[in-house]
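Please open the model in your viewer and keep the sequence panel beside it. The stops below say what to select next and what is to be found there.

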Amino acid sequence: MASEEDEGESSARYQNALDALSSLITKRSLFVNKNQSHRFHLLFHYLKVLELEEAVSQLKIIHVAGTKGKGSTCTFSESILRGYGLRTGLFTSPHLIDVRERFRLNGIEISQEKFVGYFWCCFHKLKVDVVILEVGLGGRYDATNVIQKPVVCGVTSLGYDHMEILGHTLAEIAAEKAGIFKSGVPAFTVPQPDEAMCVLNEKASKLEVNLQVVKPLDSSQRLGLQGEHQYLNASLAVALCTTFLQKIGIEDKNDDTNGLPERFISGLSNAYLMGRAMIVPDSELPEEIVFYLDGAHSPESMEACATWFSQQVKERNKKRSEQILLFSCMSVRDPCLLLPRLRTKCTDQGVEFKKAVFVPNMSVYNQVGSRSKIEQRVDDSITWQFGLKRLWDNLARGEAKTKSRSDSKEEERSLVFSSLPLAVDWLRDSARRSQQVRFQVLVTGSLHLVGDLLRLIKK
């Protein structure tokens with residue numbers, strides 16, 4: 001057994017690596033295309049300097065881009081292929097609590113020791129049978145696009161996100177996502193809006209890419225990731241894995257009942273991804289407070305999140321319950337595209353929030369260190385949170401007028417707290433005062449917020 005002193009030294013080495021990594025992350029939120037292209041082409045130079053060109057070119061890769069569903073599709077794919085005895089490497093982003101969540105070997109995060117060793121040596125020659133690679137942002141200039149010959153590519157559902165970088169129309173966004181297409185490499189996508197689909201087809205045609213559109217899996221298939229939208233992500237994963245296995249010469253018989261091989265069925269049902277449609281009871285008051293976590297941050301994913309939450313509320317209301325929204329989004333998002341969709345979708349399904357709570361994120365995107373270092377940093381100003389509160393209150397007043405309902409005697413609809421810990425304290429105090437009521441708390445708007453909450457309630 002390692003002594004406490006050894007563990008302390010190991011932890012210190014890991015933290016030093018994280019600090020060094022953080023120093024490499026820029027704080028710029030807006031890139032002009034010229035600079036972005038230059039930075040992207042530097043990656044090929046880095047591969048050459050590190051003598052990794054041949055190692056990367058020999059990896060068998062499934063490359064996945066899209067606006068939403070990338071991480072889920074990659075997770076489903078990795079779980080399926082691991083079931084075939086393949087040694088898998090999975091890269092997803094962002095992480096919620098620990099940067100090592102981004103790297104999984106055979107479904108397991110790499111150890112702190114391995115992370116430190118690979119980081120300082122820049123010697124990432126991980127011998128795996130398949131790499132499932134999630135694009136971080138866009139596609140054309142994303143760091144993952146340094147690979148030149150993936151086995152198969154996938155594009156998940158497209159929508160409006162990161163518009164300051166990718167463009168303000170679906171056509172512009174689709175063009176960036178299609179940047180992962182490679183000449184002659186098969187590709188799959190899901191049904192897209194016509195504007196986006198036309199661009200994907202055009203890019204595929206120019207590169208002689210056989211682009212196929214998948215349909216959602218039958219809802220009778222059990223999935224490890226919750227939400228109706230996951231049946232589309234799972235279907236894309238099935239197409240990617242089927243093509244990959246055929247390319248490497250592995251064939252499998254379909255199950256007579258589900259129409260899928262048994263190992264596909266197992267992989268889909270055992271898939272797990274933090275921060276997506278997670279249900280976590282509070283560590284202090286597990287019977288009184290249950291958190292429903294989903295890092296949705298685009299208009300389309302916000303609607304999917306609302307549908308999932310509403311279904312859970314209907315299924316789990318065994319005692320008197322009140323629904324509370326805990327929300328935060330980065331200032332580069334347009335809350336006018338997020339909060340109305342969330343509220344309307346929930347209301348349409350009979351779910352009304354008793355209260356909305358707005359808080360700043362504790363973590364920041366350019367810092368990967370331990371929680372003790374990032375807890376005091378505030379990503380969004382308190383002014384931004386009050387702007388979210390005003391928007392929410394205006395939506396509530398508009399609904400009240402539509403329903404001819406007087407709200408003069410209603411209690412305050414929303415609250416702003418200067419930190420997440422204060423908001424959680426308020427939730428717990430409220431739960432203790434209302435012992436007959438169970439609080440169902442939807443936490444959404446930012447993966448940073450989801451990660452911050454998980455760290456807070458699990459400490």
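Which residues in helix 11 meet which residues in helix 12? Before selecting them, note that this is a predicted model, in which local features need pLDDT of at least 70 and side-chain atom pairs count only at pLDDT 80 or more, while totals for chains, interfaces and linings use all residues. Residues are numbered from 1 along each chain as its sequence is written, and side-chain values use heavy atoms, with hydrogens and water left out.

**Helix 11 and helix 12**

Select residues 299–316 for helix 11 and residues 335–348 for helix 12; helices (H or I, at least four residues) and strands (E, at least two) are DSSP runs, numbered from the N terminus. On the helix 11 side the meeting residues are Pro 299, Glu 300, Met 302, Glu 303, Ala 306, Thr 307, Phe 309 and Ser 310, and on the helix 12 side they are Leu 337, Leu 338, Arg 341, Leu 342, Lys 345 and Cys 346, where contact means heavy atoms within 4.5 Å. By class, these residues divide into eight nonpolar, two polar and four charged; Ala, Val, Leu, Ile, Met, Phe, Trp, Tyr, Cys and Pro count as nonpolar, Asp, Glu, Lys and Arg as charged, and the others, Gly among them, as polar.

The two axes are 8 Å apart and the helices pack at an angle of about 30°, which makes helix 11 roughly parallel to helix 12. Axes here are lines fitted to C-alpha atoms, for helices over the stretch in contact, and angles run from 0 to 180 degrees between N-to-C directions; angles under 35 degrees count as roughly parallel, over 145 as roughly antiparallel, 65 to 115 as roughly perpendicular and the rest as oblique. The crossing of helix 11 and helix 12 is right-handed, a crossing being right-handed if the near helix is turned clockwise from the far one by less than a right angle, and left-handed if anticlockwise.

**Helix 4 and helix 9**

Next select residues 70–82, helix 4, together with residues 230–247, helix 9, whose axes come within 8 Å and cross at roughly 45°. Helix 4 and helix 9 are therefore oblique to each other, and their crossing is right-handed. From helix 4 the contact includes Phe 76, Ile 80 and Leu 81, and from helix 9 it includes Leu 236, Leu 240 and Phe 244. The residues of this contact divide into 11 nonpolar, five polar and no charged.

Staying in helix 4, pick out Glu 78. Is Glu 78 buried or exposed? With a relative accessible area of 1%, Glu 78 is buried, where buried means under 20% relative accessible area, exposed over 50% and partly exposed in between (1.4 Å probe, protein chains only). Beyond its neighbours within four places in sequence, Glu 78 is in contact with Thr 88, Leu 90, Asn 106, Gly 107 and Ile 132.

One of these contacts, Asn 106, is placed in the loop between strand 3 and strand 4 (108–109) and counts as partly exposed at 30% relative accessibility. Phi of Asn 106 is near 55°, a positive value in a residue other than glycine.

**Two further backbone stops**

Most residues other than glycine have a negative phi, and most peptide bonds are trans. Select Ala 277, in the loop between helix 10 (262–270) and strand 9 (278–281), where phi is near 50°; Ala 277 is buried, with a relative accessible area of 8%. Then move to Pro 94, in the loop between strand 2 (88–91) and strand 3 (103–105), and look at the peptide bond from Ser 93 to Pro 94, which is cis with omega near -5°.

Select Leu 415 in strand 13, a buried residue with a relative accessible area of 16%. Apart from its neighbours within four places in sequence, Leu 415 is in contact with Lys 355, Ala 356, Val 357, Phe 358 and Trp 426.

Trp 426 is among the buried residues of helix 15, as are Leu 420, Val 424, Leu 427 and Arg 428. What covers the buried residues of helix 15 includes strand 12 (353–358), strand 13 (414–416) and helix 16 (447–458).
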